[in-house]
Amino acid sequence: MIALRPPASLPGSSKLPNGGPAGFRSAPGGLPGRLSRVAQLLARLPGVGEKTAQRFALFLVTAGEDTARDLGSELAELCDHIRPCTRCGHIAELDDDGRALCAICQDTRRDGALLCVVARVQDLLAIERSGAMRGRYFVLGRLLSPLEGVGAEELPLEALRARVRDPEQPVREVLVATPPSVDGEATALLLARELGAMGIQVTRIASGVPHGGDLEFADQVTLGRAIEGRKSFG
Ligand SMILES: [Zn+2]
C-alpha cells in the first residue's frame, strides 16, 4: 500500500475561516478538500455566501475542464497585468513598456479640461454607465472620515493638485462626485477649499442621488441628471 503524503498548504491558508492549516482535507459537507478550498476562496468575494460559493465551485468542476482552466489561468495572470492608472487611479492594463494608462486617460476625444473626482472605481464605472460625463476622472480611493479617523493627510491631495496643474492637460473644472453622505460631503468641502484656492472652478453633482446612498446603485437616469445639473460649489 502506498502512503499518501498530505499536500502542502497554500499561502495564506492559515487565515481561512475554519482556522488552522487548511490543507486539502475533506470538508464536513463532503466536498473533497481541494474543492472545499476553492469554495472558501470564492466565499471571500463580495456578495458571495457559503452556499453560493459551493455552487460556483461545483459548477467549475462539472461544467467542463475549459471553464475552470480558463478562469484559473486568467486569474493567475491578472495581478501581473493590472495596475491602477498612473494618471487617474482607474484600473488599467500594463502596456508593452510597463506603463499603466487606462482607456479613459488614453481617449483623446475626452474633454481634458473637465475632471470628475470620485471616491472609488465603482463610482467611476457607474458614472460612465450614465453616459453624462465626457471628461476624465481622478479616483481618491477613500473619503475623509472623522469618525473612522481618516484625515486629509490620508487622501491623495498632492497627486490631485499635480493632476490639476498638469501642463499637458490643464483642468478648468473639477466636478466633485463623492457620494452624498456625511463623509462624501466632508470630502467635497475639503476639495472645494483646496482646489478653489488654486483658481479652479469646483462643481458638485446635483441632488437626485439619495442622501447616504451609493453612487454605484443609483439608476443611470438619476445619475446622468445629477451630472448635467451640477452646481458651483465652495
Ligand atoms: Zn486613467
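User: How many helices and strands does the chain have?

Analyst: This is a predicted model, and in it the chain has eight helices and seven strands.

User: How do you know what confidence the predictor has in the chain?

Analyst: The confidence is given as pLDDT, on a scale from 0 to 100; the mean for the chain is 84, and 83% of the residues reach 70 or more. Among the elements, strand β4 (residues 135–139) has the highest mean, 97, while helix α8 (residues 220–228) has the lowest, 72. Over residues 1–25 the value stays under 50.

User: What makes β4 and β7 edge strands?

Analyst: Five strands form an open sheet in the order β4-β3-β5-β6-β7, with mixed pairing. Both β4 and β7 have a single partner strand, so one side of each is left without a neighbour in the sheet.

User: How do you know that strands β5 and β6 pair, and in which sense?

Analyst: Pairing requires at least two bridges between the strands, and β5 (residues 173–176) and β6 (residues 201–204) have four, in the parallel sense. Within this pair, V176 stands opposite R204 of β6. The chain passes from β5 to β6 through helix α7 (residues 182–196), and this β-α-β crossover is right-handed. On the other hand, β6 and β7 (residues 231–232) run antiparallel and are joined by two bridges, with T203 opposite S232 of β7.

User: Which residues of α7 are called buried, and what makes them so?

Analyst: A residue counts as buried if 20 or more other C-beta atoms lie within 10 Å of its own, and in α7 the residues that are buried are G184, T187, A188, L191 and L195. Seen down the helix axis, these buried residues fall within an arc of 105°, so they line one face of α7. Their cover includes β3 (111–118), α6 (157–165), β5 and β6.

User: How much of the whole chain is called buried?

Analyst: By that same cut-off of 20 or more C-beta atoms within 10 Å, 25% of the 234 residues count as buried.

Notes:
Residues are numbered from 1 along each chain as its sequence is written. This is a predicted model: local features need pLDDT of at least 70, side-chain atom pairs count only at pLDDT 80 or more; totals for chains, interfaces and linings use all residues. A crossover is right-handed if, with the strands pointing away from the viewer, the path from the first strand over the helix to the second runs clockwise. A residue is buried if 20 or more other C-beta atoms lie within 10 Å of its own, exposed if 12 or fewer, and partly exposed in between; C-beta atoms are placed from the backbone. The arc is that of the directions from the helix axis to the C-beta atoms. Two residues are in contact if their C-beta atoms, placed from the backbone, lie within 7 Å.
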